[in-house]
Amino acid sequence: MESSDEQLCKDVAERKPGAFDLLVGRYQERAYRIAWSIVRDREEAKDCSQDAFLRLHEAAGSFAGQSKFSTWFYRILVNCCLDQQRRRRGWRRLVGWRDRRDEGEDATDPVEQAPAPLTDPVEQLDTERRMSRVWDLVQELSPQQRAAVTLQCREGLATKEIAAVLNLSEATVRVHLHRALSTLRKRLGDE
Amino acid sequence: MNDVHVDELLSDHVRGELTDAERTRVETHLAECAACRVSRERIAHLMAELARHAPVPPPIHWGAYRAELRERLERQSSRAGALWAWMVRPAPALVAAGLVAALVYAGLPGVPPPTPGGPDPLADSTIMASRLDLLARLDVVQHLDMLEDFNVIGELDQLPEPSKS
């Protein structure tokens, strides 16, 4: 019978041979995909997901089994990605680069001032085109909003699980998601 | 819960994640508020689009990925081992210093050598026996000047028996 993720994590803690490789095999694609959705850079996503596996190897003994293994591991992973984002923003600040995303929801953004589009068929194509770049706009959200949107809309996690992954209350996650979706709608000209 | 504005609950309403009480509250509000109904529909549409257009990350060679991960894991383990070795490095030096100190102490003049297991009865008996020999010829020993007559002491057993007078 196939071992559960939780059992494999215990086996990793006891340094049983093969357990770590099995867990990596199960989670490597998800880990890379989530990391890439947050950092949007191939090399950084690879590094962040590997960092998460290394932390998992180190901290497997601290997994208490009170949550699902996936929730616990996503938390490690998202923290690695957010740490990476903070480091990158730190360097950019150091060299004087100002990230518009750091300024929160930019009320003076001309895109936000655009009127709502008409709904005639010709413009429907434009709408489709705008929607196809919706994930580029997700990239412009704050790191925590981006993580929340990724986990909800891409990975299908429930709000409760997202709260556990991000170490936030459910209410705060709802606020993040609400603000993220409002911002996306504004930038897509949907409001 | 009533402190939460209804529009913060709309995405969870779309996904069916609200509690019964929250859902009742949202649906009561939606029945009365056209703007929120439109908002809910747009959120539902946006979430569907986000799921539909989720970008595919650039491809990656999983064999190379795992080999690199394995290498990083080994580096991490050897770093942890090196750190441990660095932390315990003074231990052999301390043990060596302790041994040298013990040897120096044992070799100091006036310090009796350690006698493991207590006094040796055989050695004590030998010493006592040699002293008894001296006592047997006490009459000769009493008349000797110290340091001059060690030869006599060495040949006590060859001296003629004292007269019984």
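This is a predicted model: local features need pLDDT of at least 70, side-chain atom pairs count only at pLDDT 80 or more; totals for chains, interfaces and linings use all residues.

User: What percentage of chain B counts as buried, and how many helices and strands does chain B have?

Analyst: In chain B, 8% of the 165 residues count as buried. Helices (H or I, at least four residues) and strands (E, at least two) are DSSP runs numbered from the N terminus. By this reading chain B has eight helices and zero strands, and chain A has ten helices and zero strands.

User: How much of the contact in each chain links residues 24 or more positions apart?

Analyst: Two residues are in contact if their C-beta atoms, placed from the backbone, lie within 7 Å. Among contacts with a separation of 6 or more, residues 24 or more positions apart account for 61% in chain A and for 33% in chain B.

User: Which residues touch the most other members of the largest nonpolar core?

Analyst: In soluble globular proteins, nonpolar side chains tend to be buried together. A nonpolar core is a set of buried Ala, Val, Leu, Ile, Met, Phe, Trp, Tyr and Cys residues joined through C-beta atoms within 7 Å. The largest one here has 59 residues, of which A:Ala35, A:Leu77 and A:Ala148 touch the most other members. Helix H2(A) gives the most to this core, with twelve residues. Apart from neighbours within four places in sequence, A:Leu77 is in contact with A:Ala31, A:Ile34, A:Ala35, A:Ser49 and A:Ala52.

User: At what angle do H2(A) and H8(A) pack?

Analyst: Axes are lines fitted to C-alpha atoms, for helices over the stretch in contact, and angles run from 0 to 180 degrees between N-to-C directions. H2 (residues 19-39) and H8 (residues 143-154) of chain A pack at about 140 degrees, with axes 9 Å apart. H2(A) and H8(A) are therefore oblique to each other; angles under 35 degrees count as roughly parallel, over 145 as roughly antiparallel, 65 to 115 as roughly perpendicular and the rest as oblique. From H2(A), the contact is made by A:Ile34, A:Ser37 and A:Ile38, and from H8(A) by A:Pro143, A:Arg146, A:Ala147, A:Thr150 and A:Arg154.

User: Which residues of H8(A) and H9(A) meet?

Analyst: The axes of H8(A) and H9(A) (residues 159-166) come within 10 Å and cross at roughly 140 degrees. A:Gln144, A:Ala147, A:Ala148, A:Leu151 and A:Gln152 in H8(A) meet A:Ile162, A:Val165 and A:Leu166 in H9(A). By class, this contact has six nonpolar, two polar and no charged residues, where Ala, Val, Leu, Ile, Met, Phe, Trp, Tyr, Cys and Pro count as nonpolar, Asp, Glu, Lys and Arg as charged, and the others, Gly among them, as polar.

User: How many residues of chain A are in contact with chain B?

Analyst: There are 30 residues of chain A in contact with 28 residues of chain B. H10(A) gives the most to the side of chain A that touches chain B, with eight residues. The residues of that side divide into 17 nonpolar, six polar and seven charged.

Conventions. Residues are numbered from 1 along each chain as its sequence is written. Chains are lettered from A and ligands numbered from 1 in the order in which they are written. A residue is buried if 20 or more other C-beta atoms lie within 10 Å of its own, exposed if 12 or fewer, and partly exposed in between; C-beta atoms are placed from the backbone.
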